[in-house]
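This briefing goes through one protein model by topic. Please keep the sequence and the structure open while reading.

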Amino acid sequence: MTNNQHLSDQQAPSEFKAEDTTEDSVDINQLRTPLKVDLSAVYEFLGSRTTQAWVDAALANLPLIIQDHANCEKKAAGTAMNLIFRYEFSYDLQCKLAQLIREEMLHYEQVLGIMHERGQEWEYLSAGRYAKGMLKHKRTYEPAAMVDVLIIGAFIEARSCERFAALAAVIDDERLAKYYRYLLKSESRHFEDYLALAQSLSEDNIDERVAFFKAVEAELISSPDTELRFHSGVPA
């Protein structure tokens with residue numbers, strides 16, 4: 001266990017300060033969309049870009065993509081909740097996970113509201129191969145397992161951000177495009193938060209593991225996929 005796992009309860013590190021809560025509204029009409037978000041770090045972090053084939057399939061199946069997005073937000077909150085109970089020794093981790101749970105559940109509510117506005121009923125939607133395809137490579141001993149989970153989380157967040165940007169640029173539904181642009185600010189930050197937490201839990205540099213999962217994630221995104229999901233590969 002490294003020294004930076006033990007921080008005073010009186011002072012949180014500056015990079016983990018809570019975000020401005022003035023825009024925390026379930027009503028997406030109250031949200032302010034940033035004029036521009038620099039995604040260069042996201043694109044550099046990922047090993048591949050979303051294909052036009054996936055974008056075309058997503059635009060043709062927007063209800064499915066919207067509901068799977070809701071599922072992703074709910075799963076992200078659930079994962080963070082599980083981790084907050086399992087890894088109670090790290091002040092950094094506890095504070096950041098608490099923030100993430102609030103933020104992901106807010107996004108979940110917002111997407112539910114969009115579904116309601118569109119008259120879209122909730123339907124059963126199975127999980128795709130994406131997260132499982134990375135998690136099967138997770139190491140089985142601690143703290144390495146936790147480090148891998150956080151690195152995987154970083155790639156999931158970065159890919160989400162990249163796909164929000166890809167959809168926002170071409171979607172005909174301006175209301176949905178505006179919401180996706182709004183999400184870019186938080187999603188573009190999350191992957192770096194996860195990486196910082198992963199490094200804080202490891203005595204060794206995590207670059208090698210990041211490079212490993214970068215290749216795994218890129219393969220999942222670039223290879224044929226029989227199921228269309230928010231994080232699926234090239235439509236087969």
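Leu184 is found in helix 7 of this predicted model. With a relative accessible area of 8%, Leu184 falls under the 20% cut-off and is therefore buried.

**Around Leu184**
- Apart from neighbours within four places in sequence, Leu184 is in contact with Val37, Leu39, Cys161, Phe164 and Ala165.
- The C-alpha atoms of Leu184 and Glu162 are 8.3 Å apart in space, and the two residues are 22 residues apart in sequence.
- Helix 7 covers residues 174-200 and has the lowest mean pLDDT among the elements of the protein, 87.

- Phe164, one of the contacts of Leu184, lies in helix 6, residues 144-168.
- How many aromatic pairs does the structure hold? There are eight.
- In one of them, Phe164 and Phe230 have ring centres 5.1 Å apart and planes at 50°, so this pair counts as tilted.
- The pair links distant parts of the chain, as Phe230 sits in the loop between strand 1 (224-225) and strand 2 (234-235), 66 residues from Phe164.
- Phe164 has a relative accessible area of 1% and is buried.
- Phe230 is likewise buried, at 1% relative accessibility.

**Arginines over rings**
- Arg49 lies over the face of Tyr43, at 3.7 Å from the ring centre.

**Two further buried residues**
- Leu62 is placed in helix 3, which runs over residues 62-86.
- Is Leu62 buried or exposed? Its relative accessibility is 11%, and a residue under 20% is classed as buried, so Leu62 counts as buried.
- Not counting residues up to four places away in sequence, Leu62 touches Arg118, Ile171 and Leu176.
- Leu62 and Ile171 are 109 residues apart in sequence, while their C-alpha atoms are 9.6 Å apart in space.
- Arg209 lies in helix 8, residues 207-222.
- Arg209 has a relative accessible area of 18% and is buried, because the cut-off is 20%.
- Beyond its neighbours within four places in sequence, the contacts of Arg209 are His137, Arg139, Asp148 and Ile151.

**Largest pocket**
- The largest pocket holds about 680 Å³ of space.
- Its lining has 33 residues, and Cys72, Lys75, Thr79, Ala131 and Ile156 are the closest to the pocket centre.
- Which helix gives the largest share of the lining? Helix 3 does, with nine residues.
- At least two lining residues come from each of helix 3, helix 5 (130-135), helix 6 and helix 7.

**A cis peptide bond**
- Most peptide bonds are trans.
- The bond from Glu142 to Pro143 is cis, with omega near 0°.
- Pro143 is found in the loop between helix 5 and helix 6.

**Overall build**
- The protein has eight helices and two strands.
- In sequence order the pattern is α-α-α-α-α-α-α-α-β-β.
- Of its 236 residues, 50% count as buried.
- Among contacts between residues at least 6 apart in sequence, 81% join residues at least 24 apart.

**Confidence of the prediction**
- The mean pLDDT of the protein is 85, and 85% of the residues reach 70 or more.
- Helix 8, where Arg209 lies, has the highest mean pLDDT among the elements, 98.
- Over residues 1-22 the pLDDT is below 50, and this stretch has 33 contacts in the model beyond near neighbours in sequence.

Note on methods:
Residues are numbered from 1 along each chain as its sequence is written. This is a predicted model: local features need pLDDT of at least 70, side-chain atom pairs count only at pLDDT 80 or more; totals for chains, interfaces and linings use all residues. Side-chain values use heavy atoms; hydrogens and water are left out. Helices (H or I, at least four residues) and strands (E, at least two) are DSSP runs, numbered from the N terminus. Buried means under 20% relative accessible area, exposed over 50%, partly exposed in between (1.4 Å probe, protein chains only). Contact means heavy atoms within 4.5 Å. Rings of Phe, Tyr and Trp (its six-membered ring) pair if their centres lie within 6.5 Å; planes under 30 degrees apart count as stacked, over 60 as edge-to-face and the rest as tilted. A charge sits over a ring if NZ of Lys or CZ of Arg is within 6 Å of the ring centre and within 35 degrees of the ring normal. pLDDT is the predictor's confidence in each residue, from 0 to 100. On a 1 Å grid over the protein atoms alone, a cavity is a set of points where a 1.4 Å probe fits but cannot get out, and a pocket is an open set with protein on both sides within 12 Å along at least five of seven lines; lining residues have an atom within 4 Å of a point. Grid points are joined across faces, edges and corners, and a volume is the space filled by probe spheres set on the points.
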